Amino acid sequence: MIGVTKLRVSSDRQTMTVTFDDGVTADIAAEMLRVMSPSAEVQGHGPSDRKLVSGKSRVQITAVAPVGNYAVRITFDDMHSTGIFTWPYLRELADEREAKWAGYLAELAAKGMSR
């Protein structure tokens, strides 16, 4: 199972650095964490319910709270706080960051929305 040994939020609150138990370290932007939140508010209750979140380019992380030994709840300055980010999901965001971000930007452009 994937584990996390360290989480650090940058001083500008716009990046979270995650160190996984295999030594891999990744910087994940607050904007990416917010728009790809695993919450039902963003993901819905199935693929057809997923919401495209826009206008979050300046979002900041205001709090990170542990959820057991397997996840964290991140609170953002827009008051979104319902996503529970498991270690495997954070690793997925870290490992697939470029592809996921490119897909997000393409979806925004296709719908005439902006960051």
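In what follows, Ala, Val, Leu, Ile, Met, Phe, Trp, Tyr, Cys and Pro count as nonpolar, Asp, Glu, Lys and Arg count as charged, and the others, Gly among them, count as polar. By that division, the lining of the largest pocket holds seven nonpolar, two polar and four charged residues. The model described here is a predicted one. Its sheets include an open one of three strands in the order E1-E2-E3 and another open one of three strands in the order E4-E5-E6, and helix H3 lies across strands of each, namely E1, E2 and E3 as well as E5 and E6.

**The sheet E1-E2-E3**

- The three strands of this open sheet pair in the antiparallel sense, and its edges are formed by strand E1 (4–9) and strand E3 (25–29), each of which pairs on one side only.
- From one strand to the next, the twist of this sheet averages 20°.
- Strand E2, which covers residues 15–20, is joined to E3 by five bridges in an antiparallel pairing, and within this part of the sheet Met 16 has Ile 28 of E3 as its bridge partner.

**The sheet E4-E5-E6**

- This open sheet also has antiparallel pairing among its three strands; E4 and strand E6 (84–86) stand at the edges with a single partner strand each, so one side of each is left without a neighbour in the sheet.
- Neighbouring strands here are turned against each other by 30° on average, when direction is ignored.
- Strand E4 (residues 61–67) and strand E5 (residues 71–76) pair over six bridges in the antiparallel sense, with Ala 65 opposite Arg 73 in E5 and Val 64 opposite Ile 74 in E5.
- The hairpin of E4 and E5 has three residues between its strands, and in this hairpin Gly 68 takes a positive phi near 55°.
- On the other pairing of E5, the strands E5 and E6 are antiparallel and share three bridges, and the bridge partner of Ala 71 in E6 is Thr 86.

**Helix H3 against the strands**

- Helix H3, made up of residues 87–95, lies across E1, E2 and E3 and runs at about 110° to E2.
- H3 also lies across E5 and E6, where the helix runs at about 75° to E6.

**Helix H4 and the residue after it**

- Helix H4 (residues 97–110) consists of 14 residues and reaches 20 Å from its first C-alpha to its last, which is close to the 20 Å expected at 1.5 Å a residue.
- Just after H4, Gly 112 takes a positive phi of about 70°.

**The largest pocket**

- The volume of the largest pocket is about 170 Å³, and of the 13 residues that line it, those closest to its centre are Val 35, Met 36, Arg 50, Tyr 104 and Glu 107.
- The elements that contribute two or more residues to this lining are helix H2 (40–43) and H4, and H4 gives the most, with four residues.
- An α-helix has 3.6 residues a turn, so residues three or four places apart point the same way. Tyr 104 and Glu 107, both among the residues closest to the centre of the pocket, fall within the range of H4, residues 97–110.

Note on methods. Residues are numbered from 1 along each chain as its sequence is written. This is a predicted model: local features need pLDDT of at least 70, side-chain atom pairs count only at pLDDT 80 or more; totals for chains, interfaces and linings use all residues. Side-chain values use heavy atoms; hydrogens and water are left out. The expected span of a helix is 1.5 Å times one less than its number of residues. On a 1 Å grid over the protein atoms alone, a cavity is a set of points where a 1.4 Å probe fits but cannot get out, and a pocket is an open set with protein on both sides within 12 Å along at least five of seven lines; lining residues have an atom within 4 Å of a point. Grid points are joined across faces, edges and corners, and a volume is the space filled by probe spheres set on the points. Two strands pair if DSSP finds at least two bridges between them. Axes are lines fitted to C-alpha atoms, for helices over the stretch in contact, and angles run from 0 to 180 degrees between N-to-C directions. Contact means heavy atoms within 4.5 Å.
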